[in-house]
There are 2 protein chains.
Amino acid sequence: MLANMPPRSPRATMKDVAALARVSPKTVSNVVTGSAQVSEPTRQRVEDAMRQLDFVPNLSARTLRNGRTGIIGLALPDLSTAFSADLTHAVVQEAHRRGQAVQIEETAAEPDREHDLVSRARAHLIDGLILNPVRLEDSAVEHEESLPPVVLIGEVEQTRTDRVFIDSRRAAEEVTAHMLSRGARRLVALGGAEHGERATATARLRLQGFRDAHAAAGLSSAPERELGVWPWSIGGGAEAVEQLVSAGVEFDGIVAFTDSIAMGARHALHRHGLSVPDDVLLSGFDDVEHAAYSIPPLTTVGFDHHDYAVAALDLLAARLDDRSRATRAEPIAHRLIVRGSTGDPGAAPRGHRPA
Amino acid sequence: MLANMPPRSPRATMKDVAALARVSPKTVSNVVTGSAQVSEPTRQRVEDAMRQLDFVPNLSARTLRNGRTGIIGLALPDLSTAFSADLTHAVVQEAHRRGQAVQIEETAAEPDREHDLVSRARAHLIDGLILNPVRLEDSAVEHEESLPPVVLIGEVEQTRTDRVFIDSRRAAEEVTAHMLSRGARRLVALGGAEHGERATATARLRLQGFRDAHAAAGLSSAPERELGVWPWSIGGGAEAVEQLVSAGVEFDGIVAFTDSIAMGARHALHRHGLSVPDDVLLSGFDDVEHAAYSIPPLTTVGFDHHDYAVAALDLLAARLDDRSRATRAEPIAHRLIVRGSTGDPGAAPRGHRPA
DNA sequence: GTGAAAGCGCTAACAC
DNA sequence: GTGTTAGCGCTTTCAC
């Protein structure tokens, strides 16, 4: 390839290509989009001209005309978590396969961001949106008059939009039951908040599952062992356990609501001389890559992140094609992944007993 | 807010707003963009009309007119790593502060992706690009005739584009020297590859620093302890250490080239009964949140990810304003962050001695 | 299979 | 301060 060739000043347009190929702009358009049959010799001439002029179609113009940008938005509360990274990876990969670009947005930092995205999608140059809402109560979708194509991620209980979800209540029940079966009797739920600003639908459902498992075992969970965590990050998890310990709460297992929270909890436990799983059992949620490689490996609730992305993109594509179709909620299978952090059968955790 | 109001069918345009407010479209435009003075009463009328019609400006049209989308691309090799997540978080936050949206791209999965992004930026509806190139040798920028506004992340040795970088050679030298001072004598470099497909500029510089530190201490590094890793992920790090052990190489410290690699290494070491830092010292690169919370906390090279994002966006903005300005390379300060994974002064690691 | 004309919604350049 | 004109580059009719 030649170096230092001067850039062909003003970018070539379809008109230029058409002139060089001695056809009309429409024919060039047909060649580019493949939207109509073009005879082989004509196509050749056009393609040669495009190459010669280094033609790059102007997406803005196309978009203005046909109303689609080919860009979808992906809006997550916190982009720095391991789960966000995994999901972004999967969505970008799958979207690219479909010829779509992904614009990424972070919603937790700014309360109005969700609302702005949902109400003014077009202003952001996106065709539609995959949204993991921070909170149900003032989730933008509940308050919008007319919605752009949106696929919700998570268990938000509404039927105004398409959504993908895992059965969080059930999953939490399973992992909690597993830990009870391993001998834990004073389990802590880490991440749940039933009321207030941070009560996400996901948190509430996982807390519900946590309680259901206790009830099914003829036990009951204690309010002082149901802790909210904010943010749902490593730091948030560590801080919550610090508070738990300094509050003098007795416990022998922790059901963390994300793997990141679990990682933070693990660190704080260690700081206080508590071993996982000998003293305290520990589990997470999401099965990020990290979970399998922590020490001990983390018991968690896994689901296929790629399937999740595919389902979301499928729903979004269908919605873009037909805005009036009935909304759907697509469940994604989850499974309990038992690893070393919840110990061995028959070896109950010693527990943490404050002085 | 009223629910179930039917969407006002065809979206309102500036023309509609202008008609309702009894002004010209240009005045509406002025109100929206703030690009000219508008008298208070007029502005009021226009704003009322916009509200009444639920007007959302059409970005495609604006873009077609003024040539800027307000979207910048962020292209990283692998979006699922902790460092990618951190950097994405910082870039999105800072870009949003500047009124820019971020389109995210992943380049490692597909060899042509980098090239496509650089050569056809406009086709992706982005004004410019922040790019962390996978490889120097066939880094797209080296082969492009005319480049869109691009800021390179990392130590790619070229002057055709702006770039931000940390002094990787120096940083690697510092962390290696630190580990030698802690008594390690058979250090492994994990992530370097000098030749071939995976020899990134970053990897080569860190390897150089690793060797320089040895030379400065009157020691020399051994080829069998300089390992390439691919991908630069937790799994990649674990696998590399597995190979190291099964190859029967003797070692007492690991200088991993990212924190993720270090996490994987830590896991593999543990699998083989090797303790950090008693048997083997361990260090990483990047100081992701995780590093401080691992057990033991990870010694690493830290730099401010937010500063990194700011510098990149500043350079990109300046380039967008003046395409002919001289390119700049902006260094970002780094610092050695010593934590438990490299042990204590005077306590040399026992080392791994194959049977 | 190809072309001509019109226009998507906005803003630069200029008037007034 | 505000209006008029023109046109960004493409694609959608609708001819031929």
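Predicted model: local features only at pLDDT ≥ 70, side-chain atom pairs only at ≥ 80, totals over all residues.
**Helix packing, chain contact and DNA surfaces**

Q: What makes helix H5 (residues 82–97) of chain B and helix H13 (residues 305–321) of chain B oblique to each other?
A: The axes of H5(B) and H13(B) come within 8 Å and cross at roughly 50°, where an axis is a line fitted to C-alpha atoms, for helices over the stretch in contact, and angles run from 0 to 180 degrees between N-to-C directions. Angles under 35 degrees count as roughly parallel, over 145 as roughly antiparallel, 65 to 115 as roughly perpendicular and the rest as oblique, and H5(B) and H13(B) are therefore oblique to each other. Residues are numbered from 1 along each chain as its sequence is written, and chains are lettered from A and ligands numbered from 1 in the order in which they are written.

Q: Which residues make the contact of H5(B) with H13(B)?
A: From H5(B) come B:Asp86, B:Leu87, B:Ala90, B:Val91, B:Glu94 and B:Ala95, and from H13(B) come B:His305, B:His306, B:Tyr308, B:Ala309, B:Val310 and B:Leu313; being in contact requires C-beta atoms, placed from the backbone, that lie within 7 Å. By class there are eight nonpolar, two polar and two charged residues, with Ala, Val, Leu, Ile, Met, Phe, Trp, Tyr, Cys and Pro counted as nonpolar, Asp, Glu, Lys and Arg as charged, and the others, Gly among them, as polar.

Q: Why is H2(B) called roughly perpendicular to H3(B)?
A: H2(B) and helix H3 (residues 40–53) of chain B pack at an angle of about 90°, with their axes 10 Å apart, and that angle makes H2(B) roughly perpendicular to H3(B). B:Thr27, B:Val28 and B:Val31 in H2(B) meet B:Thr42, B:Arg43, B:Val46 and B:Glu47 in H3(B), a set that divides into three nonpolar, two polar and two charged residues.

Q: How do helix H4 of chain A and helix H4 of chain B pack?
A: The two helices, each given as residues 59–66, pack at an angle of about 145° with their axes 8 Å apart, and H4(A) passes H4(B) in a left-handed crossing. A:Ser60, A:Ala61, A:Thr63 and A:Leu64 meet B:Ser60, B:Ala61, B:Thr63 and B:Leu64, giving four nonpolar, four polar and no charged residues.

Q: How many residues does each chain bring to the contact of chain A with chain B, and which element gives the largest share on the side of chain A?
A: The contact takes 52 residues from chain A and 52 residues from chain B. On the side of chain A, the largest share, eight residues, comes from H5(A), and by class that side has 25 nonpolar, 20 polar and seven charged residues.

Q: Why is chain A called more spread out than a compact globule?
A: Chain A has 13 helices and twelve strands, these being DSSP runs numbered from the N terminus, with at least four residues (H or I) for a helix and at least two (E) for a strand. The radius of gyration, taken over C-alpha atoms, is set against a globule rule of 2.2 Å times the number of residues to the power 0.38. For chain A the radius of gyration is 26 Å, well over the 20 Å that the rule gives for 355 residues, so chain A is more spread out than a compact globule. Along its principal axes, the C-alpha trace spans about 90 × 50 × 30 Å.

Q: Which residues come nearest to DNA strand D, and which are the closest to DNA strand C?
A: Around DNA strand D there are 26 residues, of which A:Met14, A:Ser29, A:Ala61, B:Ser24 and B:Thr42 come nearest; a residue is near a strand if its C-beta atom, placed from the backbone, lies within 6 Å of it. DNA strand C is surrounded by 26 residues, the closest being A:Ser24, A:Thr42, B:Met14, B:Ser29 and B:Ala61. H2 and H4 of chain A, together with H2 and H4 of chain B, each supply at least two residues of the surface near DNA strand C, which divides into ten nonpolar, eleven polar and five charged residues.

Q: What is the phi of B:Arg22, and where is the place of B:Arg22?
A: B:Arg22 has a positive phi of about 60° although it is not a glycine, and its place is in the loop between helix H1 (14–21) and H2 of chain B. Most residues other than glycine have a negative phi.

Methods. Left-handed = near helix turned anticlockwise from the far one by under 90°. Contact = placed C-beta atoms within 7 Å.
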